[in-house]
Amino acid sequence: MSAVILNKDQVSAYDREGFIVLKGFVSPDSCDQLRGRAVEVVRDFDPSGVVSIFSTHEQTRTSDDYFLQSGDQIRFFFEEDAFNPDGTLKQSKEQSINKIGHALHDLDPVFDQFSRTTDIEQLARELGFDDPLLLQSMYIFKQARIGGEVTCHQDATFLYTEPLKVLGLWFALEDATIENGCLGAIPGGHKLGLKSRFMRAEDVGTRFEVFDSSPWPEEKLAPLEVRKGTLIVLHPLLPHLSRENRSAKSRHAYTLHVIDASVKYPEENWLQRAPEMPLRGF
């Protein structure tokens, strides 16, 4: 097992603020290797017939089968501003994709190696996960000039467990700045409670169940500007967002979500897997 990752002050900060920033958690070489693999995966992707756009503005409307069946697949989602009115791409596919998800960590050996390190496992255990399982992964491009906004949300809205035991891991594969759309979080906002859940509808598609419709106190948002190789650990109830990227610099990131084997994972959660591909740990 790895050496201790977090000191007492960092664990206290996670409880108090809802996030931890760990500089230099992964090496620049590891970041570059993952970025290189993402380029290869996109290069081999044929976008013909696939027009799935990632949007947090109209999540219910844009949820389609391609998205809902991605829990145990590697699938590609485009930026909202990637298309011309006739449906053709404005630029190359490499410059048009918003993210890849949601089972890269299980289906690609390079992503698997990055995701299943002793340091990540140790980190999860230090934050109370007795039997951590990797739930989902996303490679996020935040493309230069057309990188879309991700509105303020809680991870638990989309990835809910009973009891709530989810950990968000956000790896900066490039420097993340206010200019290119770094994360922003509301310190202590995880104590406000769960505002909504995003679930599969009983008939078809998805729906939101809203528990609290009051607006987020976005005046309390703190920008999390970080250097390449930094890991930001996110509480599942922490309100966070990222602004659009209109700069000339991309802001690549990789995210993992971890749950504990002891929890109930509801069947109405949008992200589901086939029985023959159960969640795996480290």
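1. A residue counts as buried when its relative accessible area is under 20%, as exposed when it is over 50%, and as partly exposed in between. In this predicted model, arginine 116 has a relative accessible area of 15% and is therefore buried, whereas aspartate 112, at 23%, is partly exposed.

2. These two residues, aspartate 112 and arginine 116, form a salt bridge in which the closest N and O atoms lie 2.8 Å apart. The pair belongs to a network of salt bridges that also takes in Asp106, Arg273 and Arg280, and a search of the whole structure finds 20 salt bridges.

3. In helix α7, which covers residues 118-126, glutamate 121 and arginine 125 are four residues apart and so are separated by about one helical turn. Their side chains meet in a salt bridge, at 3.0 Å from N to O; glutamate 121 is buried, with a relative accessible area of 15%, while arginine 125 is partly exposed at 34%.

4. Glutamate 149 forms a salt bridge with arginine 243, and here the closest N and O atoms are 3.6 Å apart. This pair links distant parts of the chain, 94 residues apart, since glutamate 149 sits in the loop between β4 (132-140) and β5 (150-153) and arginine 243 in the loop between β12 (240-242) and β13 (253-260). Both partners are partly exposed, glutamate 149 with a relative accessibility of 27% and arginine 243 with a relative accessible area of 40%.

5. At the start of helix α1 (residues 8-17), a side-chain oxygen of asparagine 7 comes to within 3.1 Å of the backbone nitrogen of aspartate 9, and just after α1 glycine 18 adopts a positive phi of about 95°.

Conventions
Residues numbered from 1 in each chain as written. Predicted model: local features only at pLDDT ≥ 70, side-chain atom pairs only at ≥ 80, totals over all residues. Heavy atoms only, no water. Polar contact = N/O pair within 3.5 Å; in protein donor to acceptor, adjacent residues only side chain to side chain. Helix = DSSP H or I, 4+ residues; strand = E, 2+ residues; numbered from the N terminus. Salt bridge = Lys/Arg side-chain N within 4 Å of Asp/Glu carboxyl O. Buried < 20%, exposed > 50% of the residue type's maximum accessible area, 1.4 Å probe, protein only.
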